[in-house]
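Morning, everyone. Please have a look at the sequence and the model on the screen, and then I will walk you through them.

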Amino acid sequence: MDEKVKRKRISKLRRYVRPHHDGYLMGGVMLALCLTVLVYTLIYDTDASVLAGCPVFGGLGAFFMYGSIKNTRKYRSKLEVIEKEGRLDALLDDFENGGRAFHGSLILGRSYIIGKRSGEIIGYGEISRIYQYIERDQLFENKRDLRIELKSGRRADVGKIPLHGKGSEEFEQAVSYICSVDSSINVGYLG
């Protein structure tokens with residue numbers, strides 16, 4: 001395969017998997033606000049009490065930036081491991097030819113589950129349990145995800161399921177496919 005075509009395929013995969021950059025945006029805004037207040041205080045020689053909020057905004061900004069950097073590194077390191085093990089072609093084939101679920105927020109391939117904008121590329125052999133995770137406040141349902149518990153103990157939300165049971169049938173189909181690939185995967189929330 002031509003190297004240029006392969007790089008283009010990898011680039012498409014990265015754009016699909018790459019996590020949202022909300023943390024970069026929030027962190028950048030908070031750090032910029034802190035810097036603006038600092039520069040304003042230095043230039044106009046105003047009361048230094050204005051600087052009291054800078055450590056809070058700076059700390060929150062750094063926290064959001066750190067979380068985003070950590071998520072970006074996680075999926076990049078996963079891609080590097082897959083490439084070193086020589087399984088990159090299988091991953092790219094799963095990405096291009098795998099079944100799409102939940103309005104394209106999840107790809108179910110032969111070897112991997114790929115979550116859109118979640119930073120998650122998970123091999124079926126890594127999974128110990130799958131279930132539907134529903135987050136709601138007292139009146140409203142806010143979020144439904146396909147949650148995967150890995151053998152390492154980590155949990156990952158990979159697919160955005162439509163709210164209010166509208167994706168229940170599709171969820172059942174996805175679960176049956178995942179279990180047909182690896183029958184040792186447990187289904188359902190354990191508590």
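**Two residues and their chain**

Let's start with Ile-178, which is found in helix H5, residues 168–181. Helices here are DSSP runs of H or I with at least four residues, strands are runs of E with at least two, and both are numbered from the N terminus. Before going on: this is a predicted model, where local features need pLDDT of at least 70, side-chain atom pairs count only at pLDDT 80 or more, and totals for chains, interfaces and linings use all residues. Residues are numbered from 1 along each chain as its sequence is written, and side-chain values use heavy atoms, with hydrogens and water left out.

Is Ile-178 buried or exposed? Ile-178 is buried, because its relative accessible area is 0%. The cut-offs are under 20% for buried, over 50% for exposed, and partly exposed in between, with a 1.4 Å probe and protein chains only.

What does Ile-178 touch? Not counting residues up to four places away in sequence, Ile-178 touches Leu-108, Ile-113, Tyr-124, Ile-130, Leu-146 and Ile-185. Contact means heavy atoms within 4.5 Å. Now take Gln-138. It sits 40 residues from Ile-178 in sequence and 32 Å away in space, C-alpha to C-alpha.

Next, Glu-141. This residue is found in strand E6, residues 141–150. Glu-141 counts as buried, because its relative accessibility is 11%. Its side chain joins that of Arg-144 in a polar contact of 2.6 Å. A polar contact is a pair of N or O atoms within 3.5 Å; within protein, one must be able to donate a hydrogen and the other to accept it, and residues adjacent in sequence count only if both atoms are side-chain atoms. Leaving aside neighbours within four places in sequence, Glu-141 is in contact with Ile-134, Glu-135, Arg-136, Leu-163, His-164 and Gly-165.

Now zoom out. The protein chain has five helices and eight strands. From the N terminus, the order is α-α-α-α-β-β-β-β-β-β-β-α-β. Of its 191 residues, 35% count as buried.

How confident is the predictor? The mean pLDDT of the protein chain is 83, and 92% of its residues reach 70 or more. That score is the predictor's confidence in each residue, from 0 to 100. Confidence is lowest in helix H2, residues 22–44, at a mean of 76, and highest in strand E2, residues 106–108, at 91. Where pLDDT is low, the predicted coordinates should not be read in detail.
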